[in-house]
Amino acid sequence: MTVRAVLINPPVPDDQIWVREGRCQQWDIWGAPFPPYSLAMVSTQLKKNDIKTLIIDSGVQGKNLEAVLADCDEFKPDLAVVSVATPTVKSDLGWFALELKERIPSIKIAALGIHASKFPAELLAEYGALDFAIIGEPELTCGELGIAIREGQPVDTIRGLAWKAGEGNCKVNSRREFVGNLDSLGFPDWADLDFSIYRMPIKLRPFSMIGFSRGCPFSCKFCAAHMYGGSILRKRSVQSLLQEIELNLSLGVRDFLFWTELLTLDEDFLDVFLDSLIRKGLHTKINWVCNSRVDSGSREMFIKMKKAGCWQIAFGFEFGDDAILQLAQKGGRATIEQGRKTARLADEAGIVVDGHFIMGYPGETRKTLQKTIDYACSLPLTFAHFYAATPFPGSTLFDETIQAERLENPDLEGANQGKATISTDMLDADTVDLFIKKAYRSFYFRPEVVRRGLRIPSGPGEFLNLLKTGFQFYRSMKG
């Protein structure tokens, strides 16, 4: 029996583009959405088990509901794996999945993502079109689910799966352990993707995501990453990373996001990787960006990263007040002064520094919000992002916010980091939103930021793209 699985980043009614990748659950503000990494990794596992797949990234591909349903009609899938995010869950499952089930009544629909991992039974009970929820890392669970559907086998022994055992009866199987050997998962299957529609901001060259490592040993209250990747840092082998880079080069892609929470945490491993990258001459062929923490990385490491092709690094500075950093359990050695030192070292190495900040965390005041703005403006940053503290399910912040009844919108529909959803005795959501706009104005309307930004473009085209990006920010700040 031939089994077909369609893997979908679903459309939304207003055709907005949403990022649904691990902890990143937001609408795309850069005009540079991520390639659907998780779906591509699931596709690899399904194909290993002789299951035909089709990936549909609806928003980026410009496909509305009818276009996606038409693709499904033509492909005739037995299984649909739908990427779900907290802000779009009602649309993903209460609208799109329902329409898909009505169009193809025999199809089985599974949801993956952090929201499905946190609330598997609740989603199955609430959404009639949903048949399965994937808990945690999706690859192996989806692979076994595909086999079970093909062979007509029961699913009660598939770890990491929740399922409907009958009307009003939801079963949640035992959790699956996180994969120890990430190399065993193989590379993402990009066969259905056109990278020309996934472009690095400003550079506007096609870019891909390379999963560098998974897991984070820190326990920041505002982050839900551990729901998907666990709390132990698991690294791929250097050989596997180099092979995937070479594969992407053969596809015409030379720009990358090295996808990990903390690239510089294990400096010994990173040192070996960078040396290997340089020794093979790949550093002359690729450009890449990454994320990391302010309490890791040295002057020598940043210099070598720059030599190996890194042009931008993003740090989570979060707050401009050490007391709030401690309140949010940022952990490690993350302090205001440590952030200042690390940003300076990366900047002096010639790497563009991107800062991420949170505003409106419970316990904050107008004074601490202003301190965050002042902190951001004092750092050698080219870019800064100011996010509203958002209690995504799976985070400690979510549990504490629900318990304290602080949510403006208890079901979190449409909640995203661009608009405050938490009100406290000291700060209401509207005030936080005003401070976020003030933060963007304060940071970007400075000659120093303009000078830094002008260092990035390598030609007239990139300069024009930089102006367009700046205009986008300006419009958002006026809104």
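**Packing and local geometry in the predicted model**

Leaving out residues up to four places away in sequence, Lys307 touches Ile278 and His283, where contact denotes heavy atoms within 4.5 Å. The model is predicted, and local features are accordingly reported at a pLDDT of at least 70 and side-chain atom pairs at pLDDT 80 or more, whereas totals for chains, interfaces and linings use all residues. Residues are numbered from 1 along each chain as its sequence is written, and side-chain values use heavy atoms, with hydrogens and water left out. Lys307 belongs to helix 11 (residues 299–307), helices being DSSP runs of H or I with at least four residues and strands DSSP runs of E with at least two, numbered from the N terminus. With a relative accessible area of 54%, Lys307 is exposed; buried means under 20% relative accessible area, exposed over 50%, and partly exposed in between, for a 1.4 Å probe and protein chains only. From Asp92, Lys307 is separated by 215 residues in sequence and by 43 Å in space, C-alpha to C-alpha.

The rings of Phe119 and Phe398, with centres 5.8 Å apart and planes at 65°, are edge-to-face. This pair links distant parts of the chain, since Phe119 is in the loop between helix 5 (114–118) and helix 6 (120–126) while Phe398 is in helix 15 (residues 396–404), 279 residues apart. Phe119 and Phe398 are both buried. Trp190 and Phe195 likewise form an edge-to-face pair, their ring centres being 5.3 Å apart and their planes at 70°, and both Trp190 and Phe195 are buried. A cluster connected by ring pairs comprises Phe302, Phe315, Phe317, Phe357, Tyr375, Phe386, Tyr440, Phe443 and Tyr444.

Charged groups also sit over rings, by the criterion that NZ of Lys or CZ of Arg is within 6 Å of the ring centre and within 35 degrees of the ring normal. The charged end of Arg293 is placed over the ring of Phe218, 3.5 Å from its centre, and that of Arg4 over the ring of Phe75, 5.4 Å from its centre.

Helix 16 (residues 429–444) contains 16 residues and reaches 23 Å from its first C-alpha to its last, close to the 22 Å expected at 1.5 Å a residue, the expected span being 1.5 Å times one less than the number of residues. At the start of helix 16, a side-chain oxygen of Asp428 comes to within 3.0 Å of the backbone nitrogen of Asp430. Ser423, in the loop between helix 15 and helix 16, counts as buried at 16% relative accessibility, and its side chain reaches the backbone nitrogen of Ala429 at 3.0 Å.

For helix 13 (residues 336–348), the end C-alpha atoms are 18 Å apart, in agreement with the 18 Å that its 13 residues should span at 1.5 Å a residue. The buried residues of helix 13 are Ile336, Gln338, Gly339, Thr342, Ala343, Leu345 and Ala346, and they pack against helix 11, strand 15 (310–318), helix 12 (322–327), strand 16 (352–359) and helix 14. Gly350, which follows helix 13, has a positive phi near 90°. Within helix 14 (residues 366–378) lies Thr372, which is buried with a relative accessible area of 0%. Apart from neighbours within four places in sequence, Thr372 is in contact with Glu318, Phe319, Gly320, Phe357, Ile358 and Glu364; the C-alpha atoms of Thr372 and Phe357 are separated by 7.5 Å, at 15 residues apart along the chain.

Strand 8 (residues 161–166) and strand 9 (residues 169–172) pair in the antiparallel sense over four bridges, pairing requiring at least two DSSP bridges. Ala162 has Val172 in strand 9 as its bridge partner, and in the hairpin, with two residues between the strands, Gly168 adopts a positive phi near 75°. Most residues other than glycine have a negative phi. Asp15, however, in the loop between strand 1 (4–9) and strand 2 (18–21), has a positive phi near 65°. Asp50, in the loop between helix 1 (37–48) and strand 4 (52–57), also has a positive phi, near 60°, and is exposed at 64% relative accessibility.

Conventions:
Phe/Tyr/Trp six-rings, centres within 6.5 Å; stacked < 30°, edge-to-face > 60°. Polar contact = N/O pair within 3.5 Å; in protein donor to acceptor, adjacent residues only side chain to side chain.
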